[in-house]
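Work through the exercises below with the model open. Each task is followed by a stepwise solution.

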Amino acid sequence: MSFETEVEERLIRYAAIDSQSDADRPSQPSTAIQLNLLSLLRDELIAIGASDVQLTDYGTVLATIPGNTDAPTIGLLAHVDTAPQFNAVGVKPRVLRGYNGGDITYPDNADLVLSPKEYPYLAEKVGDDIITASGTTLLGADDKAGVAIIMTAARHLLTNPGVKHGPIRIAFTPDEEIGRGVDARLPADLAADFAYTFDGGAIGEIEYESFSADAAEIIVKGVSIHPGLAKDKLVNAIHLASKIIATLPQAVMTPETTDDRAGFIHATEMTGGSSEMKINLILRDFELDGLAAKRNIVQQVCNAVAATEPRAAITCNFRAQYRNMRYWLEKDMTPVELARKASRSLGVTPISVPIRGGTDGSRLTEMGVPTPNLFTGMQNIHGPLEWVSVQDMALGTRFCLALVEEAAKAGA
Ligand SMILES: [Zn+2]
């Protein structure tokens with residue numbers, strides 16, 4: 001069976017299994033349905049002959065492909081959950097054979113069009129086999145394309161012992177989309193010298209820079225009293241919370257006004273009532289001093305609004321979420337250089353652009369396992385226009401194999 005046939009078959013099968021995560025549920029994994037895909041992958045790893053296969057009690061599938069030469073232990077990771085931002089129930093993947101370069105329409109949503117004019121990467125894929133959903137759901141190529149690539153590469157290595165490689169550790173994680181993919185036990189359990197997430201987009205992407213991320217929670221407590229008796233007594237938390245939002249930067253430093261290397265402050269949620277309001281914000285920057293400056297702005301705004309109404313209580317708490325993996329990787333670029341070498345060996349020019357987000361690799365790198373992010377081909381993720389080319393995923397598989405071979409050549 002060709003890599004094309006195998007990755008296509010796997011992606012279609014995995015994508016049809018609903019495994020959406022949910023940030024509002026505290027359990028681990030956040031949704032029990034993720035265990036349906038996790039158990040299937042555990043069983044498939046056993047069936048293809050992987051060793052030490054286990055589904056941990058923190059919901060990660062781990063497995064080993066024993067090495068046959070002296071080389072570093074490499075971790076290969078992908079996440080099984082799909083994004084909570086869009087409907088993921090009833091995903092019906094379909095393959096458009098030999099894409100003709102025109103607009104793609106959808107059987108379950110007549111208004112939806114995927115056009116190569118709007119998405120130029122699609123225009124490069126004329127002749128490829130394109131997988132999409134049916135119009136009412138996301139596809140879940142994020143990150144089932146990564147899962148399909150790793151499974152296909154693993155199956156190939158286990159059936160072709162002539163390919164020289166060091167020990168390989170595989171991890172399929174839950175809850176990446178809600179920032180809870182890396183359990184505190186994962187770095188030790190993975191036991192890899194370095195690792196890669198297959199969670200990137202266009203062919204050639206080798207990413208080793210992510211945002212550094214903090215979250216802020218502002219609580220505004222007003223003074224509550226019957227409105228009929230409220231003169232000179234009531235302090236309305238809704239007005240104060242609105243003042244905070246209105247005082248925070250809006251024409252600059254927001255996600256909708258920034259790109260490239262600029263960070264932002266983003267209000268994600270405001271809830272409550274006249275007696276108490278809660279505002280949630282996320283802060284993003286590639287540099288720690290930029291992130292600290294954004295904390296400072298939020299704090300200053302809270303202080304300024306608090307000063308206008310001493311009877312109110314306004315508190316602001318910050319929490320670190322993840323850090324730019326570059327801070328660690330730039331000290332030892334070996335994992336990045338190996339990936340670049342593997343990419344060039346396939347005639348693919350490596351591209352490294354900073355990720356305006358985080359990956360499981362951001363957390364893992366910070367926890368001591370350097371983990372750049374690699375391409376899978378996935379496009380337009382987290383929405384109904386999500387698609388992936390079968391040929392891109394097959395190239396992702398060849399890339400994965402070239403990578404373990406390059407690492408074996410470099411030796412331990
Ligand atoms: Zn992803």
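**Exercise 1.** Which atoms coordinate the zinc ion?

This is a predicted model: local features need pLDDT of at least 70, side-chain atom pairs count only at pLDDT 80 or more, and totals for chains, interfaces and linings use all residues. Residues are numbered from 1 along each chain as its sequence is written, and side-chain values use heavy atoms, without hydrogens and water.

Step 1. List the donors (N, O and S atoms within 2.8 Å of the metal, 3.2 Å for Na, K and Ca; water is not among the atoms, so sites may look incomplete). The zinc ion has His-79 (NE2), Asp-142 (OD), Asp-199 (OD) and Asp-199 (OD), at 1.9 to 2.7 Å.

Step 2. Read the spacing. In sequence it is H-x62-D-x56-D.

Step 3. Asp-142 lies in helix 4 (residues 141-159) and Asp-199 in strand 9, so the pair ties together parts 57 residues apart in sequence. Helices (H or I, at least four residues) and strands (E, at least two) are DSSP runs, numbered from the N terminus.

Step 4. Check accessibility. Asp-142 and Asp-199 are buried (under 20% relative accessible area, 1.4 Å probe, protein chains only).

**Exercise 2.** Find the strand order of the open sheet.

Step 1. Trace the seven strands. The order is 1-2-8-3-9-15-10, with mixed pairing (strands pair if DSSP finds at least two bridges between them).

Step 2. Strand 1 (51-55) and strand 10 (206-207) each pair on one side only.

Step 3. Inspect one pair. Strand 9 (residues 194-200) and strand 15 (residues 373-375) run parallel, joined by three bridges. Gly-200 has Phe-375 as its bridge partner in strand 15.

Technical notes. Buried < 20%, exposed > 50% of the residue type's maximum accessible area, 1.4 Å probe, protein only.
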